[in-house]
Amino acid sequence: MIELENAAYSYGGAELLSDMSLQLGAGSFHFLTGPSGAGKTTFLKLCYAELVPSAGTVRLLGQDVRQMDRDDVARLRRRVGVVHQDCQFLDHLSLRENIALPLEVSGHDMNADSINLDELLGWVGLAERARALPPELSGGERQRAALARAVIMSPDVIIADEPTGNIDWEMSLRLLTLLVELNKMGKTIVIATHDLNLIRATKAEVSARVLRIANRRLQLAGSDL
Ligand SMILES: Nc1ncnc2c1ncn2[C@@H]1O[C@H](COP(=O)(O)OP(=O)(O)OP(=O)(O)O)[C@@H](O)[C@H]1O
């Protein structure tokens, strides 16, 4: 699904991530940890072709990101769902409209479409909040809405950047349960998190690999977490 071969990334000439080689296979579940500023968000952006490596190669769904044109990137956006760290919404649209936005932007006929928005809202526990405006939502509701928006196109890969950043433990577990469910449906999952307890709590549910960024390198963390 995602392959890195000696990939590196530099901001303004200073190398932040160096010599990363790794394969994230179809249906795999990966956590990504590392100190603040280590480059987790940057790594994820390389994984969903928001950034292009400054050296080496990143292949997403078999395609070299450096060789993608705008159409390729647009196609790819439908197959890779991203939960962003700040989960921004359009404040003047309801929660339901925000979640449906990726469908509308990609020209789906909302009436003819088989995707059941109400079912998705129910799955993330937000059926009752469908008409609420984003500023009226709690942190946990926003995070679950962001997940619903990321999966509405039925992507093969879901990349989540600190999806439990601003929510309590119980809600974090609930959100993670949703991601585990998606993985059991065959989706490839990559989650950046600081929260090692969350990783530990997931171990019983799913066979996840833990990646760590340290000293500009990507490493596989040991089993001592
Ligand atoms: N667009 C940019 N231009 C220049 N430097 C940047 C840019 N984006 C990020 N950086 C720098 O790259 C480093 C890594 O940032 P990144 O957001 O990838 O780290 P992170 O591990 O996700 O951090 P956190 O855990 O705090 O979210 C930081 O020092 C950041 O300031």
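Helix α5 (residues 139-151) packs against helix α6 (residues 169-184) at an angle of about 10 degrees, with 10 Å between the axes; axes here are lines fitted to C-alpha atoms over the stretch in contact, and angles run from 0 to 180 degrees between N-to-C directions. That makes α5 roughly parallel to α6, the label for angles under 35 degrees. On the α5 side the contact uses Gly 140, Gln 143, Arg 144, Leu 147 and Val 151, and on the α6 side Met 171, Leu 175, Leu 178 and Leu 182, contact being C-beta atoms, placed from the backbone, within 7 Å. Six of these residues are nonpolar, two polar and one charged; Ala, Val, Leu, Ile, Met, Phe, Trp, Tyr, Cys and Pro count as nonpolar, Asp, Glu, Lys and Arg as charged, and the others, Gly among them, as polar. Helices are DSSP runs (H or I, at least four residues), numbered from the N terminus.

The model is a predicted one, so to speak of local features takes pLDDT of at least 70 and side-chain atom pairs count only at 80 or more, while totals for chains, interfaces and linings use all residues. Residue numbers start from 1 along each chain as its sequence is written.

Ile 158, for its part, touches Gly 81, Ala 150, Val 151, Leu 179, Leu 182, Lys 187 and Ile 189, leaving aside residues up to four places away in sequence.

Notes. Helix = DSSP H or I, 4+ residues; strand = E, 2+ residues; numbered from the N terminus. Parallel < 35°, antiparallel > 145°, perpendicular 65-115°, else oblique. Contact = placed C-beta atoms within 7 Å.
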